[in-house]
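Morning, everyone. One structure today, and I'll keep it brisk. Have a look at it first.

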Amino acid sequence: MIDEKWLPFLQSLSKPIPVTAGLDPLSLLTDSASIAKWQNEGLPADRVSTENATILTNAQKWPLIIDPQEQGIKWIKQREAELRIVRLGQKGYLDTIERALSNGDCVLLENLGESIDPVLDNLLGRVTVKKGRAPCTLR
């Protein structure tokens, strides 16, 4: 995608932006020491897992991960100390999510199907509202 769309766009600008040939975005966002640490923590050594871990560690907001083989989930569970794991449909899952978000804890929503409870739309859509001096809250 970078070679097909992003680089041609940068070159087609009225003032082209210089780009290093053969640049790998992964090398800009992480280093080999971090990758080795992640693999020691249980992250698989394949490139896709490394790219996902890079996105997780560099994201400014909460990332949405699709992990059908559950390799990344094992790594996240081991890595995050204050992780609240929630399965949709379990008793009191909305209260658990609300408490965790209020406390700033990480939340892992497991086993999401193709259709998601509409109550979670604002959370997954990152819809926030700032009221006065209070921190941002979900609608």
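Start with a definition: a contact here means heavy atoms within 4.5 Å. With that in hand, take contacts in the protein chain between residues at least 6 apart in sequence: 35% of them join residues at least 24 apart. And a caution: this is a predicted model.

Now the fold. The chain has seven helices and four strands. Read along the sequence, the order is α-α-α-α-α-β-α-β-α-β-β.

Next, surface and burial. How much of the chain is buried? Of the 139 residues, 19% are. The accessible surface is about 10600 Å². Carbon and sulfur atoms account for 53% of that surface.

On to the inside. Which residues form the largest nonpolar core? There are eight: Trp38, Leu43, Ala53, Ile73, Trp75, Ile76, Leu83 and Leu108. The top contributor to this core is helix α5, residues 71-79, which supplies three residues. There is also a second, separate core. That one has six residues, among them Tyr93, Leu109, Leu120 and Leu123.

Stay with the largest core for a moment and pick Ile76, one of its members. Set aside residues up to four places away in sequence. Ile76 then touches Leu56, Ile65 and Leu83. Leu83 is itself a member of that core.

Where does Glu41 sit? In the loop between α3, residues 32-40, and α4, residues 47-58. Is Glu41 buried or exposed? Its relative accessible area is 18%, and the cut-off for buried is under 20%, so Glu41 counts as buried. What does Glu41 meet beyond its neighbours within four places in sequence? Trp75, Gln78 and Arg79. With Arg79 there is a polar contact, side chain to side chain, at 3.4 Å. Trp75 we have met already, as part of the largest nonpolar core.

Ile17, Val19, Leu23, Leu28 and Leu29 make a nonpolar surface patch of about 440 Å². Take Leu23 from that patch. Leu23 is in the loop between α1, residues 2-12, and α2, residues 25-29. Its relative accessible area is 42%.

Over to you for questions.

Note on methods. Residues numbered from 1 in each chain as written. Predicted model: local features only at pLDDT ≥ 70, side-chain atom pairs only at ≥ 80, totals over all residues. Heavy atoms only, no water. Helix = DSSP H or I, 4+ residues; strand = E, 2+ residues; numbered from the N terminus. Buried < 20%, exposed > 50% of the residue type's maximum accessible area, 1.4 Å probe, protein only. Polar contact = N/O pair within 3.5 Å; in protein donor to acceptor, adjacent residues only side chain to side chain. Core = buried A, V, L, I, M, F, W, Y, C linked by side-chain atoms within 4.5 Å. Patch = residues over 30% accessible without salt bridge, like charges linked within 9 Å, V, L, I, M, F, W, Y side chains within 5 Å. Areas by Shrake-Rupley, 256 points an atom, 1.4 Å probe, with all protein chains shown as cover. Salt bridge = Lys/Arg side-chain N within 4 Å of Asp/Glu carboxyl O.
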